[in-house]
Amino acid sequence: MNYNKRPVIYIGYDKREEIAYNVLKYSIERFNTDYDIIPLHQPTLRRLGLYRRNFEVNKHGQKIDTFDNLPFSTDFTFTRFLVPHISLYSGWSLFMDSDTYLRTNIKELFDTYNDPKYALYCIKHHYMPTETMKMDGQLQQSYSRKNWSSVVLWNCSHPSNKNLTVDDVNTKSGRWLHNFKWLEDQEIGSMSEEWNWLDGHTDQDISPYLVHFTTGGPWFPKWIGKREDDVKYAEEWKAIHDDMSYGLLTGE
């Protein structure tokens with residue numbers, strides 16, 4: 001739980017991609033160790049009674065949410081929307097998908113985007129993937145405002161975020177949640193695309209602060225870059241992973 005007022009970073013956690021979580025956490029701490037970094041661990045949230053959604057697995061191994069009968073891909077598909085409640089509807093908190101990594105000090109984001117009139121900030125992508133499957137065998141869904149919720153800077157103190165309750169997170173459809181339907185459009189602030197650079201999509205002339213391997217990352221053995229920049233950032237991710245692994249081995 002977030003009981004203090006300083007900004008906290010929440011990272012979506014899925015056991016299948018624990019390596020991605022660890023690299024993202026390490027990439028943040030390379031530049032700044034002043035933030036608490038908390039994984040949104042679904043089993044813990046269930047034990048606390050905050051997360052109650054259920055799912056079934058079809059014959060193809062795809063998870064299907066039992067509320068809206070639609071497929072979803074990760075353990076944090078819905079848990080990200082608990083951030084305002086976990087933060088006691090107070091202060092600023094950042095959520096990040098785990099298949100990302102930082103290339104700069106995250107303090108720059110908090111220093112730049114902090115207008116209290118906004119309930120949250122995100123990157124307003126116009127993203128319609130052509131792939132039908134992700135690299136882990138999960139369906140690649142297309143929907144409005146796709147990837148808006150993959151990096152969200154929450155103004156947890158904003159009155160409108162109190163309209164997003166724990167019951168909403170557990171009973172509303174995925175489309176309602178990912179489209180931020182409890183908010184008015186003018187309450188959603190825009191961040192620059194450098195803060196959520198999507199592989200295979202974002203303009204290659206943009207030099208990212210945050211890289212997002214939205215179609216599947218270099219931790220998958222069959223990962224193949226679609227563009228030169230995708231390969232470049234995959235190699236950079238691998239270098240960060242190796243640096244992290246070396247530090248763990250040597251204690252440095």
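Predicted model: local features only at pLDDT ≥ 70, side-chain atom pairs only at ≥ 80, totals over all residues.

Tutor: Residues are numbered from 1 along each chain as its sequence is written, and side-chain values use heavy atoms, with hydrogens and water left out.

Student: Why is Asp-75 called buried?

Tutor: Buried means under 20% relative accessible area, exposed over 50%, partly exposed in between (1.4 Å probe, protein chains only). Asp-75 has a relative accessible area of 17%, so Asp-75 counts as buried.

Student: Where is Asp-75 placed, and what does Asp-75 touch?

Tutor: Asp-75 sits in the loop between β5 (71-72) and α3. Helices (H or I, at least four residues) and strands (E, at least two) are DSSP runs, numbered from the N terminus. Contact means heavy atoms within 4.5 Å. Leaving out residues up to four places away in sequence, Asp-75 touches Tyr-13, Asp-14, Gln-42 and Lys-63. Gln-42 is 33 residues apart from Asp-75 along the chain, with 6.4 Å between their C-alpha atoms.

Student: What makes the Asp-75 and Lys-63 pair a polar contact?

Tutor: The definition asks for a pair of N or O atoms within 3.5 Å; within protein, one must be able to donate a hydrogen and the other to accept it, and residues adjacent in sequence count only if both atoms are side-chain atoms. The side chains of Asp-75 and Lys-63 are joined at 2.9 Å, so the distance passes the cut-off.

Student: Why is strand β6 called largely enclosed?

Tutor: In β6 (residues 92-96), 5 of the 5 residues are buried, so the rest of the structure largely encloses this strand. Trp-92, Leu-94 and Met-96 lie on one side, Ser-93 and Phe-95 on the other, and all are buried. In a regular strand the side chains alternate between the two faces of the sheet.

Student: How do you know that β6 pairs with β1 and with β9?

Tutor: Two strands pair if DSSP finds at least two bridges between them. β1 and β6 have 4 bridges, in the parallel sense, so they pair. β6 and β9 have 5 bridges and run antiparallel, so they pair too. Ile-9 has Leu-94 of β6 as its bridge partner, and Trp-92 stands opposite Asn-155 in β9.

Student: What makes the β1 to β2 crossover right-handed?

Tutor: β1 and strand β2 (residues 36-40) run parallel, joined by 5 bridges. From β1 the chain passes through helix α1 (residues 18-29) to β2, and this β-α-β crossover is right-handed. That label means that, with the strands pointing away from the viewer, the path from the first strand over the helix to the second runs clockwise.
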